[in-house]
Every structure is written in C-alpha cells, then in structure tokens.
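Q: I have a structure on screen and would like to learn to read it. Can we go through it feature by feature?
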Amino acid sequence: MNEQQRDYERLIAPIEDRMMRAVWRICGNPADTEDAFQEALLTVWKRWDRIRVHPNPHALVLHMCVNAAHDALRRKARQGKLIDESAIPEDIPDLSPSALGDISAAEQDAQVLRAIGLLPKNQARAILMHALEEMPYREIAAAMECREVTVRKHVARARTKLRKLLSHLIPEIRKEEGSHA
Amino acid sequence: MPDENANDEMDELIRRRTQMEMPVEVEERLRGRLMEFRTKVEQRRPGRLRTLAYSLIHLPPARVMAIAAAFVAMVAVGLVLIPWESRASRVFAAAAAQLRSSQSLEYTIVLNAEPYVAIDFSYLAPGYGRFSCSWGIEARADTNAGKQLILMHATRQYLIEGRKQAESLVNTEDIAEQLRSLPPLADEVLGEQWAGGKKLIGYRLSKAPPNGGIAGLKSLDIWVDAGTREANHVDITVQEGDQPVHQMHIQNIRVNSPIDRSLFDLTPPAGYTAIAKSGPDSQAQTDTGALPVKIGHADALVAVVVPMKGSYQQTSAALQSVEGYLKTLGITPAGAPFGRYWSEQHWEAGYPVAAGIQVKAPYQLISLPAGLAASAVVKGPWGKDSDAHWGAFVKSVIEQGYLPTGPAMEIWSGGDAKQGTPSTEMRMPVAKAN
C-alpha cells in the first residue's frame, strides 16, 4: 500500500457513509445530492494536502460535505423550489388521513430545509454539524477553524431563528414523541 | 434565554425532518463517485511543499510563536551581518575558483534550439580537448603532443594534423579557457531565478576574462547554483561590428566529473579513410585539384524535402519522389535539387520552393535562415571523389579560421542537354572560430 492509499484509508474510508448521509439528509433529493457530493469531493481534492495534516481531518471533511450540501440548499431556497414534488404522492384517491399525512410530512421536511437555507452560512453549517452529525462543539470548531465559543454562538443564534421560523412544527414533534412513547 | 429542553427540541426537529432513508440507487451512484475519487487520490503526487506549509499552519500556537520568533531573529541576523550581495559574491567566487582549478570540464554550446544545433566540448588536464558537433564532425586534440584528429562521421573520413595546423582547433577551446580563468568578482549580480528545482544566482561579466578573448563579446552571464556553488549555465552575447547580435548558450556544465581518456585518442577509428593532404608531405589518394572555398553570405532557403536514412545511393530515388510529389501539387521547383547530411542515419533531399505552401508527411517544408556559409563548386560528374572533395573542403574551412555550424549540403546543377556540364556546390553554414 503506497502513501496515497494509506492516506485514503485513514482520512476518507472511515467516514464514507457519514459523508454520503450528511449530503443526502441536507439536500433531500437525488439530483441535488449527487451534485453536492461531487462538489464536496472536489473541495476535498483541492484541499487534500491541508486535510492530511489537519488535527481533526474527519471533522474537516464532513464540514466540506455539509458546506457543499448547504450551498445547494441555499440555491434552492433562493429559487423557491424547496418542496420536492417527487416526495409527494401523485395519486391521492380519497384524501384519506394517511395520504394527507404523507403530504404533511413532506411539507414539513421541506419547511425545515427551507428555514435552514435561510440562515446565514456559518449558523446553518454549525447547527447542521451539531444537530445532524451530532459532532461536539470542539470538533466543529476545529473544522470551521474558529473558537469553540464562536461555534456555540452560531448554534444558539441558529436555534433562535429556527424557533421563530418553525414554531408551528414544535408541537408536531411533541405529538410524535408522545405517539412513539 | 431558551432552556436546554427547547434546544433539544429544535435539534430533534432538524434530525427528524432530515431523516429520510437514502434510496439504494442514490447510494450506489455516490459510492461510484467515491471510487473514482479514491483512484484519483491514489494517483495523486504528494504535494510536499504545501503539506509542509499546512503542517506549519496547524502547529500549536506556542510553537508557531517560537518558530516565528526564531525566523525573525534569523532574518535580522542575515540582514545585518550577511548582506545578500556579499553572500552572492561568495557564491560566484566559489564557482570561479572551482572552474579555475578544474582538472576536467565538459559543457554543451547550443547554437540553435530548433533545429537543434549544438557542440559538446570536453577538456581534460593537461591539454586534452575534444568537441563533437551535432552535425557529425568530431575533433580531438592533444596540445602537448601538438596533434589533432578530425573525424567526419558523415563521410567516414579523418584528418590528422600536426602542431601548426592544430592551432585552429585549439583556438576553439577558448571558451573553456574563458571559463577556466574567470575573475574572482563579477561585474554585476543579475539576481536569482529558479530552474529545475535549483536556486540560481546570475552574474554578468562585461569584459572578456584576461586569459583569451571572444571577439565582439558584449556580455557573459554565468548562472551559479546557490546550493552547490557550481556553474549551471552560461549565456554569451556577441556582436561583431555591424553584424546582428548572436547568442550562445552553454549548458550541461560538469566540472571535475570523470572523463574517459580514450575519448581523446588520436588513433583513427576503424572503417574511416584518411583525407588527402596538401603540401609537400601530401599523400593524396585522389587528385581533388585546387578547391577554392569561399566564405560568404548565403540566402535564406525554403524547400520541400523528404527525410532519409541509410545509404546515400538512395538520393536519386528520394529526389524523384519529391519531384513527383511537387508535380501532383502543381508546384515547379524554384531551384536546383540538393541534399543535406548529418549522418547516414539522418539526411534529407529535396527542392527549393516558394514559401507558403503546405505539404503532407513524409514530405516536409523546411526553412533555412540566411547566414554565413562556406561554399565551393566542383565541375563535372559527382561520385567517387565526393568524399575527397568534402575532406578538402572542411580542411580549407578550418584553415581559414572558421568552424562548421550546421550540416553539409550538396546542390546539384546541370547534367542534361539543356543545362550542360554538371556541377555540384558544396555548402556549409560556418562561424568564425574564436
């Protein structure tokens, strides 16, 4: 195994699944996911030498994936195309509660993504890494190359804005939690 | 201030609303992208410099501060105690000293990059010299024995000269003498440049070093490897009178590298025949008669040729081929047919044409620049005595103080009822031997 192969095994192989999942969860549809994933790999390629010596290379690579996906999300939010029609069932014969529930879930997913797309870049990326990837603040700070306290501020501000934008969905969460219990 | 529960609720909302299962086909496509990326990474050349730079960036702050402080201190010491000019002067002095004391010296003078025209020189103390031209002439000299051997690889002939005649060749070693007598200080420091991963410092000598002279020397720029303090390459600018500026590039300089002494052997190689000598000790094998060789200006020439290798007896067939091809293009030759010879493995034959036409392989359109050339015309049939004529021709060129700078050329005229007696012009681009 040469040096480059060892580098790949060390830097990318352990987080391949997380990279794919992170992009998919933020983009939410096949076309955007593929484009964003390709963008992320391009960034990783360009900054390969930097990643090799980074104190937390996995966090940095995931940060690049989240960034690429978030860029796609912002583009889509600006174009007002955040509801993915393919996620909504085409044929709704009788407006039964289950079919309406599917529409409602798809709409809610889209609303959450749209709200994240409206956040300033650093806030969105910090909260996505924290909430989605469940990364500790210390790792996010290493990836974003800023202080931990700055990450905390970004996350707190993002939560505040999202709470305003998505307040109507919080009871839904409570309800779902109750039904799961 | 929202409480922890509210924060958790928000995070949970994001997690739930983005928890869609990735379709298998999407995952397959992403894995395909990863495979491509992996292949690319495995073929990537490691960027050592950038990696080093980034590793420095990511050093702990305390070490960064320490390194920065040390660096600033070093720069300050360097600026105060060791001025750049002074260091540069020492680099030049070291290179000049090495050249002065060299026991062997090799280098290549490039006269023209395209087509490549170059001469390889070798010097070995005490007094062995050799040059080998890219157009098939090689000369070896032993100044102690006062003898030189000239080999013409294209015609497989040789010429051995004694002390007096050898002076012309020895003179061509003048550049070696120039390099071996550089003063300890340059007239001007030209600055730095990077070439082939080496940092080079340039120095200009505006007047010829005392030991020997290059006629019309305007400047001699020598570039020295700052790391090894060895001469890397030399650019020489020459202008004689109203003549155009001429530049020579000396490269592949090797000082004190082992040289095979047999390269200077004055025994003619097997398969070569002696060139007829003139004078009282002449043992001429062929009567070449008096061959008036003129040195003068040759006009530029555009021609269509066919590249050849192997026996020169293919010349007629080569010319017929070019003539036939020109006919198919509806082009009439603009002059007499000719051949140009580097060696039996590399020669060409063709016809002059008007500029601006296009040809297809194997035919080539060549453009020979105007310049100084030696020429002589031999009347009558051209054949069995051609080697002897060429030997006399080259000897005469050297005796007149010139050196060939390009391949030999034969231009054939006449030979049919319309044009009368056949004649052959021998021609070679030349330059004044220093």
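Q: In the hairpin of β4(B) and β5(B), which residue takes a positive phi?

A: One caution before the answer: this is a predicted model. In general, most residues other than glycine have a negative phi. Here the residue is a glycine, B:Gly146, with a positive phi near 65°. Four residues sit between the two strands of that hairpin.

Q: How many bridges pair β4(B) with β5(B), and in which sense, parallel or antiparallel?

A: Six bridges, in the antiparallel sense. Strand β5 of chain B covers residues 147–152. B:Asp142 stands opposite B:Lys147 in β5(B).

Q: Over how many bridges do strand β3 and β4(B) pair?

A: Five, again antiparallel. Strand β3 of chain B spans residues 128–133. Five of the six residues of strand β4 (residues 137–142) of chain B are buried, and the strand is mostly covered.

Q: Which strands of chain B does β21(B) pair with?

A: Take them one at a time. Strand β18 (residues 371–379) of chain B is joined to strand β21 (residues 423–432) by seven bridges. Strand β19 (residues 402–404) of chain B has three bridges to β21(B). Strand β20 (residues 408–413) of chain B has five bridges to β21(B). Each of these pairings is antiparallel.

Q: Which residues have a positive phi although they are not glycine?

A: The general rule comes first. Most residues other than glycine have a negative phi, and most peptide bonds are trans. Two exceptions to look at are B:Asn252, with a phi of about 50°, and B:Asn256, with a phi of about 60°. B:Asn252 is in strand β11 (residues 246–255) of chain B. B:Asn256 lies in the loop between β11 and β12 (273–274) of chain B.

Q: Why does B:Asn252 count as partly exposed?

A: Count its neighbours. B:Asn252 has 14 C-beta neighbours inside 10 Å. A residue needs 20 or more to be buried and 12 or fewer to be exposed, so 14 falls in between. B:Asn256 is partly exposed too, with 15 other C-beta atoms within 10 Å.

Q: Which two residues does a cis peptide bond join?

A: B:Ala361 and B:Pro362, with omega at about 10°. Look for B:Pro362 in the loop between β16 (346–352) and β17 (364–368) of chain B.

Q: Which residues have the most contacts inside the largest nonpolar core?

A: The general idea: in soluble globular proteins, nonpolar side chains tend to be buried together. The largest core in this model has 74 residues, and B:Phe92, B:Val224 and B:Val397 have the most contacts inside it. Helix α9 (residues 386–399) of chain B gives the largest share, seven residues.

Q: Why does this core lie between domain 2 and domain 3 of chain B?

A: Because both domains give residues to it: domain 2 (99–262) and domain 3 (294–432). For a close-up, centre on B:Val224. Its contacts beyond four places in sequence include B:Phe92, B:Ala95, B:Leu200 and B:Tyr203.

Q: How many residues of chain A are in contact with chain B?

A: 39, and they meet 35 residues of chain B. On the chain A side, α3(A) supplies the largest share, seven residues. By type, the chain A side divides into 20 nonpolar, seven polar and twelve charged residues.

Q: What does the secondary structure of chain B come to overall?

A: Nine helices and 21 strands. Of its 434 residues, 29% count as buried. Now look at the contacts in chain B with a separation of 6 or more: residues 24 or more positions apart account for 61% of them.

Key:
Residues are numbered from 1 along each chain as its sequence is written. Chains are lettered from A and ligands numbered from 1 in the order in which they are written. This is a predicted model: local features need pLDDT of at least 70, side-chain atom pairs count only at pLDDT 80 or more; totals for chains, interfaces and linings use all residues. A nonpolar core is a set of buried Ala, Val, Leu, Ile, Met, Phe, Trp, Tyr and Cys residues joined through C-beta atoms within 7 Å. Domain bounds come from an automatic or database domain assignment. Two residues are in contact if their C-beta atoms, placed from the backbone, lie within 7 Å. Two strands pair if DSSP finds at least two bridges between them. Ala, Val, Leu, Ile, Met, Phe, Trp, Tyr, Cys and Pro count as nonpolar, Asp, Glu, Lys and Arg as charged, and the others, Gly among them, as polar.
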